[in-house]
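Let's take a friendly walk through some strands and the turns that join them. Have the model open beside you as you read.

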Amino acid sequence: MKKILVLFIFGQIAFAQKTIVKTYLHFSGKIDKYPIEMTVEFIQGKDSVSGSYYYVKNGKDRPIFTKGIFKNNEIKLVESSYTPTKNGNVFIKTGSFSLQLSNEKELTGSWQNEKKDKQFNVSLTCIEDLSLFNPKNFSYKLNQYKGKAENTNGELADNYLISKLDIYNSKKEKIQTLSGFNKVIYEKDGEVELEDLNFDGVLDLKIPIYFPDRTKYDGSFLYFVYDNTKKQFIRNTKLEELEYLFFDQKSKEFVKYEADGSGNESNYYYRWSNNNFYLTRKSESFENSEKTTYTEYQIKNNKSVKIKEYQK
């Protein structure tokens, strides 16, 4: 269990602040006849967007990165990827998208290569259901201040911290306050990220936090899962124990990666079941072995039970 930093707050100092709100939407569909999966990052109040996509046949380990403008429901994206050349893999512009967002669900338009001698139709559908929770109908404000926080050496140092998040509806009425934490953040302006964490089609919420002076894995999140019945975000401390996680909307699993910097790496894969999550498989690579060890688990009686282990 990693050490939990204890915060000591002395003479909290408020400062001019803004809360950066990012929304991650995932789209599934095709460029011409080729299936792709695309992620688009929107920033509230800004028209710049970014993200990535991959061809399903190539796998998510070969992403193509995008950035562009979102204005009047039109998205213009420029893509870049690592391309083999005689000088090695070079990161270059490879094409562009011109897309129209309709009903906040369908992305349609065209893709063309950088030489502009090839053009294909694009049709994508948003995986998330924005009719249940649409982030553009809400605003978010983190309570941010300067204070003292203990680092990994037990020393107190000045940091930027957060203690609560207020959520407002389109009428500027406060509808929920998330509190019960005092955490360090990376920069002066705190962030809120909206992404579907439990793959139910509804956007959830996470807040990036920082562990001062930790040499490895110095960042994580506070995780809040949206309860569609209560219309409230509910904190999930069990997710927080795993710290930094990657959520895959295509496979409906999330992953925790670990590496010691010496060639020893472990990947832990989790799936949700009945509002809880369980370890379903694990892969381990070791510096002194050419093979990777794989372990598979099955969910039995609300536990992850090991059923198979093999190497290849």
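How many residues lie between β10 and β11 in their hairpin, and which residue in the turn has a positive phi? There are five residues between the two strands, and G154 is the one with a positive phi, of about 80 degrees.

A word on the ground rules before we go on. This is a predicted model, in which local features need pLDDT of at least 70 and side-chain atom pairs count only at pLDDT 80 or more, while totals for chains, interfaces and linings use all residues. Residues are numbered from 1 along each chain as its sequence is written, and side-chain values use heavy atoms, with hydrogens and water left out. Strands (E, at least two residues) are DSSP runs numbered from the N terminus, and two of them pair if DSSP finds at least two bridges between them.

**Around β11**

Strand β10 covers residues 139–150 and β11 covers residues 156–168; the two run antiparallel and are joined by twelve bridges.

L101 stands opposite L107 in β8. β8 is in turn joined by seven bridges to β9 (residues 119–126), also antiparallel, and S110 has N121 as its bridge partner in β9.

**The hairpins side by side**

| Hairpin | Between the strands | Residue and phi |
|---|---|---|
| β7 and β8 | three residues | N103, near 55 degrees |
| β8 and β9 | five residues | K116, near 60 degrees |
| β10 and β11 | five residues | G154, about 80 degrees |
| β11 and β12 | five residues | K172, near 65 degrees |

**A serine in β6**

Finally, turn to S81, found in strand β6 (residues 74–85). Is S81 buried or exposed? S81 is buried, because its relative accessible area is 11%, and buried means under 20% (1.4 Å probe, protein chains only). Leaving aside neighbours within four places in sequence, S81 is in contact with I64, V90, F91, I92 and T94, where contact means heavy atoms within 4.5 Å.

Notes:
Helices (H or I, at least four residues) and strands (E, at least two) are DSSP runs, numbered from the N terminus. Buried means under 20% relative accessible area, exposed over 50%, partly exposed in between (1.4 Å probe, protein chains only).
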